[in-house]
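The sequence and the structure are shown first.

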Amino acid sequence: MNNVSYDNEELLSEVKQDMAEFGSDLKVIAIYSIFPEDPDKYYITDYIWGEPVHDSDMDIYEEEMKLHEKELATLEYTKHEKMTIKELYNNLLKQSKII
């Protein structure tokens with residue numbers, strides 16, 4: 001068993017940018033994938049935002065909720081996990097350092 005790391009600079013910088021813009025408590029859903037080189041391990045390869053926050057603009061909220069539900073439907077057959085964006089960032093850092 002050789003340890004493979006999954007290093008995704010693009011994803012890390014996207015997460016970092018969202019965290020800076022929306023705060024470290026932003027709820028997200030991490031999406032995991034498996035690679036043929038290491039079929040026993042899941043790696044975070046993407047994320048979507050968690051449930052939209054209800055604010056004063058109902059129209060926007062309802063639109064965002066519809067989009068969110070569509071995204072959730074695409075996750076039905078994938079391994080995924082809810083967490084804050086800070087947890088996601090820390091998990092991505094750990095993931096890229098596996099030797």
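Ser 13 counts as partly exposed because its relative accessibility is 42%; the class lies between buried (under 20% relative accessible area) and exposed (over 50%), with a 1.4 Å probe and protein chains only. Ser 13 is placed in helix α1, and Asn 90 in helix α3. Asn 90 is likewise partly exposed, at a relative accessible area of 33%. Helices (H or I, at least four residues) and strands (E, at least two) are DSSP runs, numbered from the N terminus.

The model is predicted: local features need pLDDT of at least 70, side-chain atom pairs count only at pLDDT 80 or more, and totals for chains, interfaces and linings use all residues. Residues are numbered from 1 along each chain as its sequence is written, and side-chain values use heavy atoms, with hydrogens and water left out.

| Pair | Sequence separation | C-alpha to C-alpha distance |
|---|---|---|
| Ser 13 and Tyr 89 | 76 residues | 9.3 Å |
| Asn 90 and Leu 12 | 78 residues | 9.6 Å |

Helix α1 (residues 9–22) packs with helix α3 (residues 85–96) at an angle of about 155 degrees, their axes being 10 Å apart. Axes are lines fitted to C-alpha atoms, for helices over the stretch in contact, and angles run from 0 to 180 degrees between N-to-C directions. The two helices α1 and α3 are therefore roughly antiparallel, a term for angles over 145 degrees. The contact (heavy atoms within 4.5 Å) involves Leu 11, Leu 12, Val 15, Lys 16, Asp 18 and Met 19 from α1, together with Ile 85, Lys 86, Leu 88, Tyr 89, Leu 92 and Leu 93 from α3.

The largest nonpolar core comprises 15 residues, and those with the most contacts inside it are Val 15, Val 28, Tyr 47, Ile 85, Leu 88 and Leu 92. Such a core is a set of buried Ala, Val, Leu, Ile, Met, Phe, Trp, Tyr and Cys residues joined through side-chain atoms within 4.5 Å. At least two residues of this core come from each of α1, β1 (27–35), β2 (38–49) and α3. Not counting residues up to four places away in sequence, Ile 85 touches Val 15, Asp 18, Met 19, Gly 23, Ser 24, Leu 26, Val 28 and Tyr 47.

Over the chain as a whole, 3 helices and 3 strands are present, in the order α-β-β-α-β-α along the sequence. Buried residues make up 32% of the 99 residues.

Terms used
Parallel < 35°, antiparallel > 145°, perpendicular 65-115°, else oblique.
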